[in-house]
Amino acid sequence: QVQLVESGGGLVQPGGSLRLSCAASGFTFSSYAMSWYRQAPGKERELVATITSASGTTIYADSVKGRFTISRDNIKNAVFLQMNSLKPEDTAVYYCAARRVRTQIAAYWGQGTQVTVSS
């Protein structure tokens, strides 16, 4: 059974930091690119960051570049999102997803974890 389970979300003050984790199982983790998406109420889903399957190349949305860092551990089958200098506009539900290299389409999704940035 394929599973992606996010953790680490919560309430944080502006300027603070959070580290999100996503534990994967049930598929060949090292063969998939991994991404973090987010969606705020009334807004479209946004691709936040991607890390490739082999080389570990990273890509970030302009809105988070310089503040967020995506990483992966292919031994532990986990992907992480370190979020620094958080802003209220970062408030959203954050999802991790496994993307097939053939189609570049997300094949598996986690349940999401809420991140709220507020004073």
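Is F29 buried or exposed? At 2% relative accessibility, F29 counts as buried, where buried denotes under 20% relative accessible area, exposed over 50%, and partly exposed anything in between (1.4 Å probe, protein chains only). The structure described here is a predicted model, in which local features need pLDDT of at least 70 and side-chain atom pairs count only at pLDDT 80 or more, while totals for chains, interfaces and linings use all residues. Residues are numbered from 1 along each chain as its sequence is written, and side-chain values use heavy atoms, with hydrogens and water left out.

A pair of aromatic rings is described by the distance of the centres and the angle of the planes. Rings of Phe, Tyr and Trp (its six-membered ring) pair if their centres lie within 6.5 Å; planes under 30 degrees apart count as stacked, over 60 as edge-to-face, and the rest as tilted. By this rule the count comes to six aromatic pairs. One of them joins F27 and F29: the ring centres are 6.4 Å apart and the planes stand at 50°, so the pair is tilted. F27, at 14% relative accessibility, counts as buried. F27 also forms a tilted aromatic pair with Y108, with 5.0 Å from centre to centre and 40° between the planes. This pair links distant parts of the chain, since F27 lies in the loop between strand 3 (18-25) and strand 4 (33-39), whereas Y108 belongs to strand 10 (residues 106-109), 81 residues apart. Strands (E, at least two residues) are DSSP runs, numbered from the N terminus. Together, F27, F29, Y32 and Y108 form one aromatic cluster.

Arginine side chains also meet aromatic rings. A charge is said to sit over a ring if NZ of Lys or CZ of Arg is within 6 Å of the ring centre and within 35 degrees of the ring normal. The charged end of R72 is placed in this way over the ring of F29, 4.5 Å from its centre. R19 lies over the face of F80, at 4.6 Å from the ring centre.

At 7% relative accessibility, R38 counts as buried. Contact means heavy atoms within 4.5 Å; not counting residues up to four places away in sequence, R38 touches several residues, including V48, S63, F68 and Y94.

Side chains of opposite charge can pair when their charged atoms come close. A salt bridge is a side-chain nitrogen of Lys or Arg within 4 Å of a carboxyl oxygen of Asp or Glu, and a search of the whole structure finds four. R38 forms one with E46, the closest N and O atoms being 2.8 Å apart. E46 is partly exposed, with a relative accessible area of 26%. The side chains of R38 and D90 meet in another salt bridge (2.9 Å, N to O). Because R38 lies in strand 4 and D90 in the loop between strand 8 (78-83) and strand 9 (92-99), the pair ties together parts that are 52 residues apart in sequence. D90 counts as buried, at 1% relative accessibility.

A further salt bridge joins D62 and K65, with the closest N and O atoms 3.4 Å apart. D62 is exposed, with a relative accessible area of 67%, and K65 counts as exposed at 52% relative accessibility. Salt bridges that share partners join R38, E46, R67 and D90 into one network.

Methods. Helices (H or I, at least four residues) and strands (E, at least two) are DSSP runs, numbered from the N terminus.
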